[in-house]
Amino acid sequence: MERQAPPLVGRGQILERLRADLRRAAAGNGGATVVDGPVGIGKSRLLAEAVALADAFGLATATGRAGESDVLAPLTTLCGLLSPGVLACPTTDPLNAIGWYGELIEDRARERPLLIVLDDAHLADEVTALALRVLVPSARASGVHWLLARRPETARGHACDALQWLIDTGAARHEPLHPLTGGDIADLAAAILGARPDGRLSALAARSEGNPFLLEEMLATLPITVESGVAAATGDRPGGSFADAVDRRLGDLGEPTRRLLDAASVLGRPFTLHELALMVRRSPLEIVPEIGAALAAHVLVEHGAELSFRHDLIREALYERLPAAVRAALHREAAVTVRAEGRPPAEIAEHLILGGCGGEDHAVQTLRRAVAQTAPTAPSTAADLLLRVLALLDRHHRDRPSLTADAVRLLAAAGRSDEARELGTGALRSGMAPQDEAVVAGELAGALLLAGDHAAAVHHADRVLGRPGVTDTTRAELLATRACALVHIDTASAAARAAAAAIDLATRAGADGPLICATGVHADVLGIQGRLDEAVARARQAVDTADRAGGETRLRHPQLALAFALIAADRLTEAEAVGTLGRKEADHLGTLWSAPQWHAAAAELATAAGRLEEARAEARTGLRIAERLSLPATALRALLGRLALHQDDLAAAREHVRRARDETGPAAERLAWTRTLVKAEQGQWAEALRLASPLLSALPDRLGLLTHDPTAAARLVRIVRRAGGPGHLAEAAAKAARRLADHNPAIATYQGAAAHAEGLLRDDRDALRAAVHAYEHGERPLARALALEDAARAEQAAGNEARELLRRARGIYAAAAAHRDAARAGGTRHQAPDGWPSLTPAELRVARLVAQGMTNREVAAELVISRHTVDTHLRHSFAKLGVTSRVELTRQVLEHDQKAESRERVM
């Protein structure tokens, strides 16, 4: 018989706060609450009470608990929380799986407000931790409330970081659960015993230090008599520690049962009768009596076909008291058992490591399978497995170099660049064969590249490239990495030579992976040099190679390089088609790192096309994903700063450049350019020139800024002249624009950009009119509007009529929502509307589809945008309309449309 849970004592204040959270959830207002408290303090009991209250408030519930073994199997926690009774998630790709669960949550919340409860959330696996960062912020728009419990003293990890991030970004964190006080301890003891404790028993109860679970365990094992409604302890006073309580609870069990529980404690998760019998090498029928005794003593509990310890504290106490040799032996038996049961390789590897078998050949092979299975979705978890095995391996073990290289790569992929650097450099100092050294150096160079230490990446590639005994494939990988690093720290010509050398060697070696990487890098370099048709051709070669080779080469996403090259070449329709197909493939493959890049490409394209609201939404979405994944986002912040300037939000522009991380290479150029524009808009011309000086010095070797923003050369000329700078700097900007135009005679935009810069440099009205004419045949409306504006000012300075030129400029600016530019061109200052009129066309489309009852997934499919972008539009709609749920949004949409229809009938 299941024991009755003790009452909730001394938690009235936090319970009232949870009631308020549930009332808001019942009204359709989503959110999140994190409950803190040490082990045994009553978090689980509080969550159970919240679930009972949720039913009274009309909320549906989904409940789950993370376990220590969850970290070994990505998605385990999320699957256990949301999948009971439904089909298993059809994919293990992280973003796809998270999206699938997000749709499941939306579908459930549409039927009834939903409370999702996750106990011991700090133990969640790596992908579930990412899911919390993605799904919980979307809860407000979905009408879902998340209730998450954690132990605050737990060491840092993905789940702990995710929970803290949620708190930092708006999740409620109620006061931690504190130990019970004297009066509450007595009340809880009375409720458990059914009688008031006497003075002696109260003193014993106080030794629980206000921990409800420990108090319950103590009282359950004490000899107690009850007379006239008063409970008294008999016999000697027991020890008050939890270990003492566990020993007393097991005291009445036979030795075979205790040995069985020792074995179960090593499994570290819920287990079946068959698994436990296999581990102790007995038949399931033989151990049934002992299992029955453990159940009767409330040490074990049943969960369907599985068994588990009633509280993990009991399991931990049993496990910790095992002698080290016995514990290791039991882990080795557990490895045999879980392998026979078909458990994931990561779980088998965990037991082999804890059993001291990590350096044995069979253990290394099992580890490799575990890493191969885990790394695509949870690189940090896979890296931790490798680090633990490396700690057990002999220094000269033949597998050590390859395992080290794998660990360096995975640490870098997980954003743990400092650990990757330390591991890689330490391994290189230890001495190894040339090929092994080259492989480790290559992975270290790649890790340093991701960390932004481009000079160190080149150094480690160079130190092994010339050594004999290195295969051509490895050498090609090193050359490709070196070329990518040189893009950031050297001249474009040096990077181009390195990329060409990598392409040549990879082609001769038949190494598709390095070939795709090197070809993509060469496309980027050609773009920086302004050779845009060649850049597009090179990027197409990378895509063709990936399509031919298939397999893991597709994970490199060369379509990204092609999309950016097409945007720079003013082939926006083609770029949009490539972006749509590339994003679909990325969603299918589940490559996390590429998601912000695809949104960045969409934002760049929309900016070029003069669709600034769309660009801002895509850039915001990309930034949000990048920050959740701890990926670089400098270029996105730089773009958002430029967009904010166009839309007359100087404060937002300053904030974006303030929060952007300094980098090197193209991202640094874009950030420097946005900082320059912010100062120019504030009239701080000298400071703007100071910030622009490195950009001017890079011309004409690096023309990437001028393809990113075709008006940059003209703006640089204006900044130099307004700041009173030396004339040769302004001439350098104009000459660079002309060089770009000469490289690309068929691209009208760059012919216009060159004429624009030259017209400002020489006060040449004919050149400015030529710029307007050229821009009219290009794809960049904002560049055309700026040229119209400058041509108008030149005409006015000459005493000529220019109203028509300014009118045309204002029309372009207004259509693009470039409010600051429109005001500068003589329009009235834009007043940001409140409420319904403030919604952008894209936000309106999303709001109306949501009002029809569509989920984010359905809206995304209808509008051919990503679910993340839909979420961005909803967030801003909620903020602008002052609503907190989809129900309120729907009501406002219906009311607005009804009023609009009434006005139309009257008219």
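Student: What share of the chain's contacts between residues at least 6 apart in sequence join residues at least 24 apart?
Tutor: It's 68%, where contact means heavy atoms within 4.5 Å. Keep in mind that this is a predicted model, in which local features need pLDDT of at least 70, side-chain atom pairs count only at pLDDT 80 or more, and totals for chains, interfaces and linings use all residues. Residues are numbered from 1 along each chain as its sequence is written, and side-chain values use heavy atoms, with hydrogens and water left out.

Student: How many helices and strands are there in the chain?
Tutor: The chain has 47 helices and 10 strands. Both are DSSP runs numbered from the N terminus: H or I of at least four residues for helices, E of at least two for strands.

Student: Why is α32 called roughly parallel to α34?
Tutor: The axes of α32 (residues 634–646) and α34 (residues 666–681) cross at roughly 25° and come within 8 Å. That angle makes the pair roughly parallel, since angles under 35 degrees count as roughly parallel, over 145 as roughly antiparallel, 65 to 115 as roughly perpendicular and the rest as oblique. Axes here are lines fitted to C-alpha atoms, for helices over the stretch in contact, with angles from 0 to 180 degrees between N-to-C directions.

Student: Which residues of α32 and α34 meet?
Tutor: On the α32 side you've got T634, A635, A638, G641, R642 and L645, and they meet A667, R670, L671, W673, T674, L677, V678 and E681 in α34. By class, that contact has eight nonpolar, three polar and three charged residues. Ala, Val, Leu, Ile, Met, Phe, Trp, Tyr, Cys and Pro count as nonpolar, Asp, Glu, Lys and Arg as charged, and the others, Gly among them, as polar.

Student: What makes α31 roughly antiparallel to α32?
Tutor: Helix α31 (residues 612–628) and α32 have axes that cross at roughly 150° and come within 9 Å. With that crossing angle, α31 is roughly antiparallel to α32. In this contact, L612, A615, R616, A619, R620, G622, L623 and E627 of α31 meet L636, R637, L639, L640, L643, A644 and H646 of α32. Those residues divide into nine nonpolar, two polar and four charged.

Student: How do you know that Q647 is buried?
Tutor: Q647 has 7% relative accessibility, so it counts as buried; buried means under 20% relative accessible area, exposed over 50%, partly exposed in between (1.4 Å probe, protein chains only). Q647 lies in the loop between α32 and α33 (650–659). Leaving aside neighbours within four places in sequence, Q647 is in contact with L612, E613, R616, A817, H819 and R820. For the whole chain, 55% of the 907 residues count as buried.

Student: And why does R857 count as partly exposed?
Tutor: R857 comes in at 30% relative accessibility, which means partly exposed. R857 is in helix α45, and beyond four places in sequence it contacts E103, E106, D107 and R867.

Student: What about phi of R281?
Tutor: Phi of R281 is near 60°, positive in a residue other than glycine. Most residues other than glycine have a negative phi, and most peptide bonds are trans. R281 sits in the loop between α13 (273–279) and α14 (284–296), and its relative accessible area of 64% makes R281 exposed. V864 also isn't a glycine and has a positive phi, of about 55°. At 60% relative accessibility, V864 counts as exposed.

Student: What makes the peptide bond from L699 to P700 cis?
Tutor: Omega there is near 0°. P700 lies in the loop between α35 (685–698) and α36 (704–708).
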